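Dear colleague,

Please find below the structure for your review.

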Amino acid sequence: MNPPAFDGNAQGNPRKGDSELDMRTRLRATTFSLLTMSIALSPWVSLHAQQPTFLAPIEMKGQWLRGSIAVTQHENDGMIGINGKGTEDGYEIDSVIPRGPAASAGILPGDTLLSIDGASVKGAETSEALKPIAGKKEGETVNLTFVRNGETKTASVPVALRKNLLQNEAWWQQESKLAPSVGQLIFGGSAAITANLVQSEQLPSDVVLNVSIASKDAAPFAIDDTKFFVLEGTGQQLRHVFLDEIKYGIQLSVAQNWKGGNYPPPPPPSPQRQYTISGMENGNYTITNLGGGTGLISGTSNSTYTVTQQPDYNQLGYSLRLAIRQYRDARTDKKLLEQAKAAIASWEGPYFRSQSLVVPGENRSGQIMYWTGSNRRPQPPYRVIFFLTDPRSQKEEHITFAFGPGAEGIKDAMTVQNAATSTQSKSQVPLTNSDVVGMVKAGIGAEIVIAKIKTASCSFDTSPTALKELKVAGVPDSVILAMVQAPRN
């Protein structure tokens, strides 16, 4: 199966010239202690050429791989050339590859696939519905049952290899060049989320999460990135570094490395002052210093002479050095501010934005930095968890992706956990109005009945007529209130 058509390039890959390393390399927000911003900036360019390590994601139930890992793992999967989404009624076909096996067999967009080789696909998740076809070899045939305009039809379709069927598709040709990512539909298939995780030997205590959320036709919804978590293999939660912290780190660095403002005081003047006297008459004279390089000479002559003070070379050297330093520091400070502004802008561009609503048709991508809080290296495998609120039902969904060596263990554990949850859910018969009436008539206290309502699956009828019947049956108001407030499952 192809990724959802609306997913586009939503694998959280860097933009051209803007690698994941750029962000974390530009500034270590909480440990930035380089001597000058120019020194801090010098590694940025050199690290552009360094290759980050993309951690391999694991494809769990309901998920699909993107990028080079999808090509590696799925290029030999069977395929008939249809794309769509799983629903309760079946697999709704949105598009058919021209001249592909399905198109040649007469399958059309708008058809709803009911079964594959007799196995129903009703209610199957989108990423799971076509798995029976993916397991077929090239040349084998699958028998499809589908509905078109209310009429049930059948078709036998030969299977092709994915790499052969998609070799002329532009998006498939680009797939091997993209970072290995993993995705999953959210909000009933009206939106999708994809992500990848990056490490670097140059920045051993950090990981960078690249996330993209694409909305097809979901109602506008907000993203709370404080509910995005990265757990390392030790079970510890890595620290989310927010953009405001990064900006603060840059501003702190500017303040620490500012050059202008404080300069050493000048040396004291030389103790003996020497003068050169220019004049025409000889005699004994008394020199009165008038300042400004002039003096009054008195003696046997009343003539006024010009007195030129000899330079104090200590004072002169200080003045020259101070002027040079002030000029140099002014230029350095100007460059420091320019680089700080550029650094902030370079972080603001790719960093994930969560301040505004995601609207239908939007694809929002960004990067988030996580670190251990010290120089300690985080340990794989990594579990990335997103909590997202469905804008229609207001129910919170949680998505888990697994990355890195050992991530298969996370997949196995979640498979067991999901199976146990499913079994438990099926074994729970929801409480009904008659159950509540029966408990009350049996003399069970209101507090106990309310506690049961809060901890059980419920399916209450709280229509006005039903509420009157509950009151007539003697159900206390506190219990009726708990029934009205109970979520319907």
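How many aromatic pairs does a search of the whole structure find? The search finds 7, where rings of Phe, Tyr and Trp (its six-membered ring) pair if their centres lie within 6.5 Å, and planes under 30 degrees apart count as stacked, over 60 as edge-to-face and the rest as tilted.

Please note that this is a predicted model, in which local features need pLDDT of at least 70 and side-chain atom pairs count only at pLDDT 80 or more, while totals for chains, interfaces and linings use all residues. Residues are numbered from 1 along each chain as its sequence is written, and side-chain values use heavy atoms, with hydrogens and water left out.

Aromatic residues

The ring centres of W171 and W172 are 5.9 Å apart and their planes stand at 80°, so this pair is edge-to-face. W171 is partly exposed, with a relative accessible area of 31%, whereas W172 is buried at 10% (buried means under 20% relative accessible area, exposed over 50%, and partly exposed in between, with a 1.4 Å probe and protein chains only). A cluster linked by ring pairs is formed by F228, F352, F386 and F401.

Leaving aside neighbours within four places in sequence, I213 is in contact (heavy atoms within 4.5 Å) with residues including I186, I193, F228, F352 and L388.

Helices α9 and α10

Helix α9 (residues 243-257) packs with helix α10 (residues 313-348) at an angle of about 170°, and their axes are 10 Å apart. Axes are lines fitted to C-alpha atoms, for helices over the stretch in contact, and angles run from 0 to 180 degrees between N-to-C directions. The two helices α9 and α10 are therefore roughly antiparallel (angles over 145 degrees; under 35 counts as roughly parallel, 65 to 115 as roughly perpendicular and the rest as oblique). Among the residues of α9 that meet α10 are L243, I246 and I250.

Yours sincerely

Terms used:
Helix = DSSP H or I, 4+ residues; strand = E, 2+ residues; numbered from the N terminus.
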